[in-house]
Amino acid sequence: MKKLVLYFMLLVVAVPAAAQSGLFGSHSSSHSHHSRYHRPSHDPYGPMFTVGNRARQPLFREVPSGVGRGMDPRVFDEACRILSNEVFDGNRLETAKRINGANPMSTRQIAEICRLFTYDTNRLDFAKFAYRHCVDPNNFFLLDEVFTYSSSRDELHEFMRK
């Protein structure tokens, strides 16, 4: 037991000291080219991949939670389950608006919920409502594919221009 306590105390004292001395590698900017991934402190979107000595942003970046990502995926899945269990499209629309009003969503999440509606009028109504609660409205063009009729797409585009 004494050996275990001594070992633990050694870890508590030695590891932070070794980390400060550079035993585990330096994290200074002069040595950042040695790491495979580079994550600057000003980039809220995650790691940048380094190619040679130049950092490259990945083509598709998943935004970390709390930085405009939308609903947590597990909560969103539960919301979709609840919405799909609604029998009537009108009830589904009201529930979806209530969920979106309390939880900002990404455009992809809004599109997924729009696909749960039977009628284009309800898809359009929800899309207009969700536009005000969307964390990435610049991607709202992704909703074009959820509509059956081009008139619904045109009406959404007109709404977004206002």
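E78 counts as partly exposed, at 37% relative accessibility. The model is predicted, and a search of the whole structure finds eight salt bridges. One of them joins R81 to E78, with the closest N and O atoms 2.5 Å apart.

**Helix α2**
- Helix α2 covers residues 73-85; at 1.5 Å a residue its 13 residues should span 18 Å, and the end C-alpha atoms are 18 Å apart, which agrees.
- F76, A79, C80 and L83 are the buried residues named in α2. They lie on the same side of α2, because they cover an arc of only 100 degrees around the axis.
- The buried residues of α2 pack against α3 (89-102) and α4 (107-114).
- R74 and N85, on the other side of α2, are exposed.
- The N-terminal end of α2 is capped by D72, which has a side-chain oxygen 3.1 Å from the backbone nitrogen of R74.

**Salt bridges within a helix**
- R81 and E78 are three residues apart in α2, so about one helical turn separates them. R81 is partly exposed, at 41% relative accessibility.
- R92 pairs with D89 in a salt bridge whose closest N and O atoms are 2.8 Å apart. Both residues lie in α3, three residues apart, about one turn of the helix.
- R92 is buried at 8% relative accessibility, and D89 is buried with a relative accessible area of 8%.

**Salt bridge between helices**
- K128 forms a salt bridge with E155, the closest N and O atoms lying 2.8 Å apart. K128 is in α5 (residues 120-131) and E155 in α6 (residues 150-161), so the pair ties together parts 27 residues apart in sequence.
- K128 is partly exposed at 21%, and E155 is partly exposed at 39%.

Definitions and conventions
Residues are numbered from 1 along each chain as its sequence is written. This is a predicted model: local features need pLDDT of at least 70, side-chain atom pairs count only at pLDDT 80 or more; totals for chains, interfaces and linings use all residues. Side-chain values use heavy atoms; hydrogens and water are left out. Helices (H or I, at least four residues) and strands (E, at least two) are DSSP runs, numbered from the N terminus. The expected span of a helix is 1.5 Å times one less than its number of residues. Buried means under 20% relative accessible area, exposed over 50%, partly exposed in between (1.4 Å probe, protein chains only). The arc is that of the directions from the helix axis to the C-beta atoms. Contact means heavy atoms within 4.5 Å. A polar contact is a pair of N or O atoms within 3.5 Å; within protein, one must be able to donate a hydrogen and the other to accept it, and residues adjacent in sequence count only if both atoms are side-chain atoms. A salt bridge is a side-chain nitrogen of Lys or Arg within 4 Å of a carboxyl oxygen of Asp or Glu.
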